[in-house]
Amino acid sequence: MKTKINALISIGFVFIILIAPLYLLTINVKAYDPAMPFVPFDNETDRHSDQNEYIEIWTNENIEKNFIVKNNQNIRITSLRSTNGKLVINNGVTATIKGDIFIERGGLLEIDDGTVVISGGNITNCGTIKIGEKGMLKVLNGTLNSTSAGNIQNDGKITCLTSDKKLERCFKCIKKFDDRFDLSDYSLLIDSDEKSASVTTSYCIDDIMTNYRYKFEIDPNVKKTKIVRSDYSLETVYSLKTVQNLQELTSTFEKDHAKELNFKMWYWKNYGYTYNYKNNELVFNAKWFSYDDKNDKFIENDYSEKV
């Protein structure tokens, strides 16, 4: 029995029903063995801010002065066998992101005491973003994409545009409807063009992003924000039997594809699963980029397979 809600919430938000379609793109391409185009993050000399297009962080980097990731720069926070990359924003620093930051599994962006501002750039999180009590992550113009593999530990503030409260109020409104809602169990996609911001959260089971979503628009000129959700009952979404079945399927799939899923072979951007409650379809998706040393360029690759 599907749950339908069409009520006015006290603080002015409305829940309506949305069935979001799932579109999957399957592209099979041959991957290249990568060279090593990334250079280490050089916090002492600021050499990274002027010269290097591809920057890699695999140790602990504490930032205590303002810096900018330029629009042609890519920072990759990664983990090695013996170390985990960690970029820490401290001392009231403001880090302005005009380029791209990708946080791989095992990587950490820690905003302890300072502000990270996405201003024309993108942050993709497959690792962890940790925001301390004195930290803020602000999306002015660009994209924050915390995937099914990503985790956000928020004791500070996440804002978009110039609004400090609307995002938090929307999450509180969802929580009133669904007391099991926890942002740590959901992916978070914020896409802002500086005038308005689209926010989507999708329920995740481990590395599986389901098609159960909450969506809303943040617009400073609109007083009431409308929240829409996928048309599935909460009993269906949080079914323990479904969770167990999906975990068994992914475990078997990964054992059968152990060789292909050797993620250390390439520069991985994202991988995981999507699940559709309506047709019970589970799909593995991977997106990575490899480096063509001969032509000195990166090549993006996509792969999908039904489980």
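A nonpolar core is taken here as a set of buried Ala, Val, Leu, Ile, Met, Phe, Trp, Tyr and Cys residues joined through side-chain atoms within 4.5 Å, where buried stands for under 20% relative accessible area, exposed for over 50%, and partly exposed for what lies in between (1.4 Å probe, protein chains only). The structure is a predicted model, in which local features need pLDDT of at least 70 and side-chain atom pairs count only at pLDDT 80 or more, while totals for chains, interfaces and linings use all residues. Residues are numbered from 1 along each chain as its sequence is written, and side-chain values rest on heavy atoms, with hydrogens and water left out.

The overall picture comes first. The protein chain holds four helices and 20 strands; helices (H or I, at least four residues) and strands (E, at least two) are DSSP runs, numbered from the N terminus. Of its 307 residues, 49% count as buried. The chain exposes about 15,900 Å², of which carbon and sulfur atoms supply 46%; accessible areas come from the Shrake-Rupley method with a 1.4 Å probe, and for residues only the protein chains shown count as cover. With contact meaning heavy atoms within 4.5 Å, 48% of the contacts between residues at least 6 apart in sequence join residues at least 24 apart.

The largest nonpolar core has 65 residues, and those with the most contacts inside it are Ile 89, Ile 123, Ile 190 and Tyr 212. Helix H2 gives the most to this core, with six residues. In soluble globular proteins, nonpolar side chains tend to be buried together. Beyond residues up to four places away in sequence, the neighbours touched by Ile 190 include Val 139, Leu 144, Ile 158, Cys 160, Leu 167, Ala 197 and Val 199.

Aromatic side chains make a further theme. Rings of Phe, Tyr and Trp (its six-membered ring) pair if their centres lie within 6.5 Å; planes under 30 degrees apart count as stacked, over 60 as edge-to-face and the rest as tilted. A search of the whole structure finds 13 aromatic pairs. In one of them, the ring centres of Phe 181 and Tyr 214 are 5.8 Å apart and the planes stand at 85 degrees, so this pair is edge-to-face. Phe 181 sits in the loop between H2 and strand E14 (186-193), whereas Tyr 214 belongs to strand E16 (residues 208-218), so the pair ties together parts that are 33 residues apart in sequence. Phe 181 and Tyr 214 are both buried. Tyr 214 also pairs edge-to-face with Tyr 212, at 5.3 Å centre to centre and 85 degrees between the planes, and Tyr 212 is likewise buried. Ring pairs link Phe 171, Phe 181, Tyr 186, Tyr 203, Tyr 212, Tyr 214, Phe 216 and Tyr 238 into a cluster.

Charged residues come next. Six salt bridges are found in the whole structure, a salt bridge being a side-chain nitrogen of Lys or Arg within 4 Å of a carboxyl oxygen of Asp or Glu. Arg 76 forms one with Glu 56, the closest N and O atoms being 2.0 Å apart. Since Arg 76 lies in strand E6 (residues 74-77) and Glu 56 in strand E3 (residues 54-57), the pair ties together parts that are 20 residues apart in sequence. Arg 76 bridges to Glu 104 as well, with the closest N and O atoms 2.9 Å apart. That pair links distant parts of the chain, with Glu 104 in the loop between strand E9 (100-103) and E10 and Arg 76 in strand E6, 28 residues apart. Relative accessible area is 9% for Arg 76, 7% for Glu 56 and 10% for Glu 104, and each residue counts as buried.

A contrasting setting is found in helix H2 (residues 166-177), where Lys 172 and Glu 168 are four residues apart, or about one helical turn. Their salt bridge has its closest N and O atoms 3.3 Å apart. Lys 172 is exposed at 52% relative accessible area, and Glu 168 is partly exposed at 42%.

Finally, Asn 125 is placed in strand E10 (residues 108-125) and counts as buried, at 0% relative accessibility. A polar atom of its side chain lies 2.9 Å from the backbone nitrogen of Gly 127, and one lies 3.2 Å from the backbone nitrogen of Thr 128. Leaving out residues up to four places away in sequence, Asn 125 touches Ile 103, Asn 145, Ser 146, Thr 147, Gly 150, Asn 151 and Ile 152.

How values were computed
A polar contact is a pair of N or O atoms within 3.5 Å; within protein, one must be able to donate a hydrogen and the other to accept it, and residues adjacent in sequence count only if both atoms are side-chain atoms.
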